[in-house]
Amino acid sequence: MNELVFKTAGKGFPLVLVHGYLAGADIWQEQLEFFKDHFKVIVPNLPGFADSAQVKAPNSIIDIANLLLSELTDRGVDKFHLMGHSMGGMIVQAMAAIAPDRIDHLICYGTGPVGVLPDRFETIEQSRDRLNNDGLEKTVKRIAATWFLHREDAEGYDQCVELGLQANMQAALASLTAWENWDGREELKNIRAKTLIIWGESDRSYNQSQPEALWHGIENSCLVVVSNCAHNVHMEKPIFFNAIVKDFLPTQSN
């Protein structure tokens with residue numbers, strides 16, 4: 001297997017950012033620019049997506065989590081802060097449960113502890129059927145619109161489409177299977193890191209029960225609900241989002 005492609009910037013204690021479905025490292029561009037003055041920011045492109053499109057994607061959240069942990073070890077990154085968005089939020093939950101001693105502070109953003117999402121804008125099976133029938137381009141444009149309060153008119157919509165079109169079809173389908181087979185609720189008790197949960201109140205992917213399940217399931221956690229935002233709070237309100245995260249994260253390991 002080819003290695004994943006990472007973006008890095010800054011210096012200091014490591015902060016790892018994990019993107020979600022049909023995205024890539026560049027979806028974190030504003031966060032990378034902001035946080036590089038405070039941390040060594042490390043941003044992987046997940047297998048099958050964006051600059052890692054040549055890498056075959058596992059069809060298991062646990063396998064992706066283990067892959068990222070192994071790649072970080074290979075890069076000499078032992079202990080780090082960790083933030084994941086959407087599917088990336090599922091992955092970071094798994095990473096924090098598998099390797100609790102390596103995660104200093106954890107941020108679960110726009111995500112929940114189960115892969116079969118209640119009240120998602122469409123079921124996983126519908127997404128799979130539409131991906132197979134409509135193709136990647138139509139699927140990317142349709143799904144990216146759901147991530148924003150103002151849909152296609154949102155400022156970050158075109159960037160999300162551009163990133164999504166770099167995915168390969170194998171990864172797009174494998175990720176849906178990974179969601180179907182993942183339920184992290186029993187593992188929440190094994191997450192020991194101090195945890196921040198961020199959720200946009202108009203999120204069309206994860207309803208309110210999902211961040212609340214994380215909040216109740218992770219012992220040392222707090223929940224921030226952001227008004228007038230949907231799934232991509234970090235793009236809709238980047239200044240506010242960055243301030244919340246910066247306030248939460250110490251610049252050194254505890």
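These legends go with a handful of close-up views of one predicted model. Local features are described only where pLDDT is at least 70, side-chain atom pairs count only at pLDDT 80 or more, and totals for chains, interfaces and linings use all residues. Numbering starts from 1 along each chain as its sequence is written, and side-chain values use heavy atoms, with hydrogens and water left out.

**View 1. The seven-stranded sheet.** Here's an open sheet with mixed pairing, running in the order β1-β3-β2-β4-β5-β6-β7. Strands here are DSSP E runs of at least two residues, helices are H or I runs of at least four, and both are numbered from the N terminus; two strands pair if DSSP finds at least two bridges between them. At the edges sit β1 (6–9) and β7 (221–226), each pairing on one side only. On average, neighbouring strands are turned by 15° against each other, direction ignored (axes are lines fitted to C-alpha atoms, for helices over the stretch in contact; angles run from 0 to 180 degrees between N-to-C directions).

**View 2. Strands β4 and β5, with helix α3 on the sheet.** β4 (residues 80–85) and β5 (residues 103–109) pair in the parallel sense over five bridges. Look for H85, whose bridge partner in β5 is Y109. Helix α3 packs on the sheet and touches β2 (14–18), β4 and β5; its direction makes about 145° with that of β4. Contact means heavy atoms within 4.5 Å.

**View 3. The largest nonpolar core.** This core has 92 residues, and Y21, L22, I91 and M95 have the most contacts inside it. Its largest share, eight residues, comes from helix α3 (residues 87–98). A nonpolar core means buried Ala, Val, Leu, Ile, Met, Phe, Trp, Tyr and Cys residues joined through side-chain atoms within 4.5 Å. Zoom in on L22: not counting residues up to four places away in sequence, its contacts include F49, L136, W147 and C160.

View 4. In α6 (residues 157–164), the buried residues are Y157, C160, V161, L163 and G164. They fall within an arc of 165° seen down the axis, so they line one face of the helix; the arc is that of the directions from the helix axis to the C-beta atoms. These buried residues pack against α5 (136–146) and α9 (233–236). On the other side, D158 and E162 are exposed. Buried is under 20% relative accessible area, exposed over 50%, partly exposed in between (1.4 Å probe, protein chains only).

**View 5. Q31 in helix α1.** Q31 lies in α1 (residues 29–35) and counts as buried, at 1% relative accessibility. Leaving aside neighbours within four places in sequence, Q31 is in contact with L17, K36, H234, P238, F241 and N242.
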